[in-house]
Amino acid sequence: MATLLDYCSLVRSKNAGPFTLTFDFMCRDQHTYEALTNTAILNRALFAGLFNTSEHEIQVVNHPLALAVKVSLPRPCVQGDLHDSDCYAGQQYAPLMELRLPELP
């Protein structure tokens, strides 16, 4: 089995304002981008389960010209809140690194 790092040259999470969390999955080349998007693993249900939010609040956008997939969703708590454990949201991608994907064709 493969991981996201087999498909992507960059996987990151970050703030998209104080209320929104965003993830970027940037692929190495056209082949890996198509393979990643064909798996359909980066979907609303996955992020809803990981971040305990409604699928209707999650946006998944494929960017074929950039060879990237972007996912945005509400932050679990507002940036800077007393319960906010990752103010810049730079560590929120960590659970995704254990995802198992099919080997690259």
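**Exercise 1.** Determine which residue of E2 stands opposite Leu10, and describe how strands E1 and E2 pair.

*Solution.* Step 1: Leu10 faces Met26 in E2. The model is predicted, and local features need pLDDT of at least 70, side-chain atom pairs pLDDT 80 or more, while totals for chains, interfaces and linings use all residues. Residues are numbered from 1 along each chain as its sequence is written, and side-chain values use heavy atoms, without hydrogens and water.

Step 1: Strands are DSSP runs of E with at least two residues, numbered from the N terminus. Two of them pair if DSSP finds at least two bridges between them. E1 (residues 8-15) and E2 (residues 20-27) are antiparallel, with seven bridges.

Step 2: Four residues separate E1 and E2 in this hairpin, and Gly17 in the turn has a positive phi of about 105 degrees.

**Exercise 2.** Is Asn15 buried or exposed, and which side chain does the side chain of Asn15 join in a polar contact?

*Solution.* Step 1: Asn15 belongs to strand E1. Buried means under 20% relative accessible area, exposed over 50%, and partly exposed in between (1.4 Å probe, protein chains only). Asn15 is buried because its relative accessibility is 19%.

Step 1: A polar contact is a pair of N or O atoms within 3.5 Å; within protein, one must be able to donate a hydrogen and the other to accept it, and residues adjacent in sequence count only if both atoms are side-chain atoms. The side chains of Asn15 and Arg75 form such a contact at 2.3 Å. The Asn15 side chain also reaches the backbone oxygen of Cys87 at 2.9 Å.
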